[in-house]
Amino acid sequence: MSVLGAGRVGSAVANALVLLRVCDLVVLYDHDLAHAEGQAWDIGDAVPLLSEMVVVPTAGYADLDGSDVVVVTVGPTLAVGQTRLDLVRVNAGIIAGVVRELDRVCPEAVVI
(Lines give C-alpha, C1' and ligand atoms only; values in the text may rest on other atoms or scores of the structure.)
Protein backbone atom coordinates (compact mmCIF):
# COMPACT_ATOMS: atom_id res chain seq x y z
CA MET A 1 0.00 0.00 0.00
CA SER A 2 1.26 3.48 -0.78
CA VAL A 3 0.51 6.96 0.47
CA LEU A 4 1.30 9.94 -1.74
CA GLY A 5 2.06 13.00 0.33
CA ALA A 6 3.78 13.00 3.71
CA GLY A 7 2.06 16.11 5.01
CA ARG A 8 -0.47 16.21 7.83
CA VAL A 9 -3.06 14.03 6.10
CA GLY A 10 -0.64 11.63 4.41
CA SER A 11 1.41 10.98 7.53
CA ALA A 12 -1.79 10.44 9.54
CA VAL A 13 -3.00 7.93 6.93
CA ALA A 14 0.35 6.10 6.97
CA ASN A 15 0.30 6.01 10.76
CA ALA A 16 -3.26 4.64 10.76
CA LEU A 17 -2.32 1.93 8.25
CA VAL A 18 0.47 0.83 10.57
CA LEU A 19 -1.75 0.90 13.64
CA LEU A 20 -4.53 -1.03 11.88
CA ARG A 21 -2.04 -3.58 10.52
CA VAL A 22 -3.88 -3.73 7.19
CA CYS A 23 -0.69 -4.33 5.21
CA ASP A 24 2.93 -5.37 5.67
CA LEU A 25 4.47 -2.46 3.78
CA VAL A 26 3.59 1.22 3.50
CA VAL A 27 5.43 3.29 0.89
CA LEU A 28 5.32 6.95 1.95
CA TYR A 29 5.99 9.22 -1.03
CA ASP A 30 6.78 12.90 -0.89
CA HIS A 31 8.56 15.09 -3.45
CA ASP A 32 10.82 16.06 -0.52
CA LEU A 33 12.59 12.84 0.48
CA ALA A 34 13.84 14.29 3.77
CA HIS A 35 10.25 15.07 4.76
CA ALA A 36 9.09 11.53 3.91
CA GLU A 37 12.01 10.10 5.88
CA GLY A 38 11.21 12.25 8.90
CA GLN A 39 7.58 11.20 8.89
CA ALA A 40 8.53 7.52 8.50
CA TRP A 41 10.93 7.84 11.46
CA ASP A 42 8.24 9.52 13.56
CA ILE A 43 5.84 6.68 12.82
CA GLY A 44 8.56 4.21 13.73
CA ASP A 45 9.30 5.99 17.01
CA ALA A 46 5.65 6.19 17.99
CA VAL A 47 4.53 2.71 17.03
CA PRO A 48 6.33 -0.17 18.74
CA LEU A 49 4.74 -2.78 16.46
CA LEU A 50 6.61 -1.29 13.49
CA SER A 51 9.01 -4.22 13.72
CA GLU A 52 6.21 -6.15 12.02
CA MET A 53 5.58 -3.32 9.56
CA VAL A 54 7.83 -1.56 7.12
CA VAL A 55 7.42 2.12 6.20
CA VAL A 56 9.55 3.02 3.19
CA PRO A 57 10.08 6.73 2.53
CA THR A 58 10.63 7.72 -1.09
CA ALA A 59 10.69 10.62 -3.49
CA GLY A 60 10.45 8.41 -6.57
CA TYR A 61 7.31 7.09 -8.18
CA ALA A 62 9.13 3.90 -9.23
CA ASP A 63 9.00 2.74 -5.60
CA LEU A 64 5.21 2.59 -5.84
CA ASP A 65 5.47 -0.22 -8.38
CA GLY A 66 3.39 -3.17 -7.23
CA SER A 67 1.12 -1.16 -4.95
CA ASP A 68 -2.39 -2.57 -4.78
CA VAL A 69 -3.82 0.57 -3.21
CA VAL A 70 -2.57 4.17 -3.41
CA VAL A 71 -3.98 6.87 -1.14
CA VAL A 72 -3.42 10.31 -2.70
CA THR A 73 -3.11 13.17 -0.21
CA VAL A 74 -0.86 15.54 -2.18
CA GLY A 75 -1.61 19.18 -2.74
CA PRO A 76 -1.02 22.57 -1.21
CA THR A 77 -3.11 24.00 1.57
CA LEU A 78 -5.29 27.04 1.10
CA ALA A 79 -3.10 30.16 1.11
CA VAL A 80 -4.11 33.49 2.60
CA GLY A 81 -6.26 35.33 0.09
CA GLN A 82 -6.67 32.27 -2.13
CA THR A 83 -10.17 31.07 -2.93
CA ARG A 84 -11.14 27.42 -2.90
CA LEU A 85 -11.67 27.65 -6.67
CA ASP A 86 -8.08 28.87 -7.06
CA LEU A 87 -6.90 25.93 -4.97
CA VAL A 88 -8.95 23.48 -7.05
CA ARG A 89 -7.25 24.75 -10.22
CA VAL A 90 -3.80 24.21 -8.70
CA ASN A 91 -4.72 20.78 -7.35
CA ALA A 92 -6.24 19.69 -10.68
CA GLY A 93 -2.87 20.11 -12.35
CA ILE A 94 -1.10 18.26 -9.56
CA ILE A 95 -3.56 15.36 -9.63
CA ALA A 96 -3.32 15.07 -13.43
CA GLY A 97 0.44 14.62 -13.10
CA VAL A 98 0.04 12.13 -10.25
CA VAL A 99 -2.43 10.02 -12.23
CA ARG A 100 -0.07 9.91 -15.22
CA GLU A 101 2.71 8.62 -12.97
CA LEU A 102 0.45 6.08 -11.27
CA ASP A 103 -0.72 4.80 -14.66
CA ARG A 104 2.93 4.27 -15.52
CA VAL A 105 4.15 2.53 -12.34
CA CYS A 106 1.07 0.80 -10.88
CA PRO A 107 -1.75 0.84 -13.43
CA GLU A 108 -3.78 -1.82 -11.61
CA ALA A 109 -3.79 -0.03 -8.25
CA VAL A 110 -6.97 1.20 -6.63
CA VAL A 111 -6.57 4.95 -6.15
CA ILE A 112 -8.20 6.64 -3.17
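Helices (H or I, at least four residues) and strands (E, at least two) are DSSP runs, numbered from the N terminus. This is a predicted model: local features need pLDDT of at least 70, side-chain atom pairs count only at pLDDT 80 or more, and totals for chains, interfaces and linings use all residues. Residues are numbered from 1 along each chain as its sequence is written, and side-chain values use heavy atoms, with hydrogens and water left out.

**Exercise 1.** Find which helices supply at least two residues of the lining of the largest pocket.

Solution. 
- Start with the term. On a 1 Å grid over the protein atoms alone, a pocket is an open set of points where a 1.4 Å probe fits, with protein on both sides within 12 Å along at least five of seven lines; lining residues have an atom within 4 Å of a point.
- The largest pocket has a volume of about 400 Å³, the volume being the space filled by probe spheres set on the points.
- Its lining counts 18 residues, and G5, T73, V74, G75 and P76 are the closest to the centre.
- Helix 1 and helix 3 each supply at least two lining residues. Helix 1 gives the most, with three.

**Exercise 2.** Sort residues of helix 3 into buried and exposed.

Solution. 
- Buried means under 20% relative accessible area, exposed over 50%, partly exposed in between (1.4 Å probe, protein chains only).
- L87, N91, V98, L102 and V105 are the buried residues of helix 3.
- They cover an arc of only 55° around the axis (taken from the directions from the axis to the C-beta atoms), so they lie on the same side of helix 3.
- L85, R89, R100, D103 and R104 are exposed on the other side.
- The cover over the buried residues includes strand 1 (2-4), strand 4 (69-72) and strand 5 (110-111).

**Exercise 3.** Is S11 buried or exposed, and what is in contact with S11?

Solution. 
- S11 sits in helix 1.
- S11 has 12% relative accessibility, so it counts as buried.
- Contact means heavy atoms within 4.5 Å. Leaving aside neighbours within four places in sequence, S11 is in contact with G5, A6, Q39 and I43.
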